[in-house]
Amino acid sequence: LGIITVFIAILSDAISASIESAAGSMGISKVFIAAIILPIVGNAAEHAGAVMFAMKGKLDLSLGVAIGSSTQIALCVLP
């Protein structure tokens, strides 16, 4: 658990640095990239996974991923 925590911390630092450099080079605010673009891209990957599971005949897993991802977006937009 400790090793995974350190690994996640390193990845978080890397994505933070990437967001800062992308914001500087594209002239977009860091908040916009972190709050809007990053969640959209992340959920697109989840939905692609749901489609792949559905193509493999794993409908229960596909529905679970799609519903969970949609719930995350709804809770983000709701407040």
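1. The model is predicted: local features need pLDDT of at least 70 and side-chain atom pairs count only at pLDDT 80 or more, while totals for chains, interfaces and linings use all residues. Residues are numbered from 1 along each chain as its sequence is written, and side-chain values use heavy atoms, with hydrogens and water left out.

2. Mean pLDDT (the predictor's confidence in each residue, from 0 to 100) is 84 for the protein chain, and 95% of the residues score at least 70. Helices are DSSP runs of H or I, at least four residues, numbered from the N terminus.

3. The axes of α1 and helix α2 (residues 30–55) come within 9 Å and cross at roughly 115°. α1 is therefore roughly perpendicular to α2 (65 to 115 degrees). Axes are lines fitted to C-alpha atoms over the stretch in contact, and angles run from 0 to 180 degrees between N-to-C directions.

4. On the α1 side, Ile15, Ile19, Glu20, Ala22, Ala23 and Met26 meet Lys30, Ile33, Ala34 and Leu38 of α2 (contact: heavy atoms within 4.5 Å). By class, this contact has eight nonpolar, two charged and no polar residues; Ala, Val, Leu, Ile, Met, Phe, Trp, Tyr, Cys and Pro count as nonpolar, Asp, Glu, Lys and Arg as charged, and the others, Gly among them, as polar.

5. Gly64 belongs to helix α3. Its relative accessibility is 44%, so Gly64 counts as partly exposed (buried is under 20%, exposed over 50%, partly exposed in between; 1.4 Å probe, protein chains only).

6. Lys58 sits in the loop between α2 and α3. Lys58 is also partly exposed, at 42%.

Methods
Helix = DSSP H or I, 4+ residues; strand = E, 2+ residues; numbered from the N terminus. Parallel < 35°, antiparallel > 145°, perpendicular 65-115°, else oblique.
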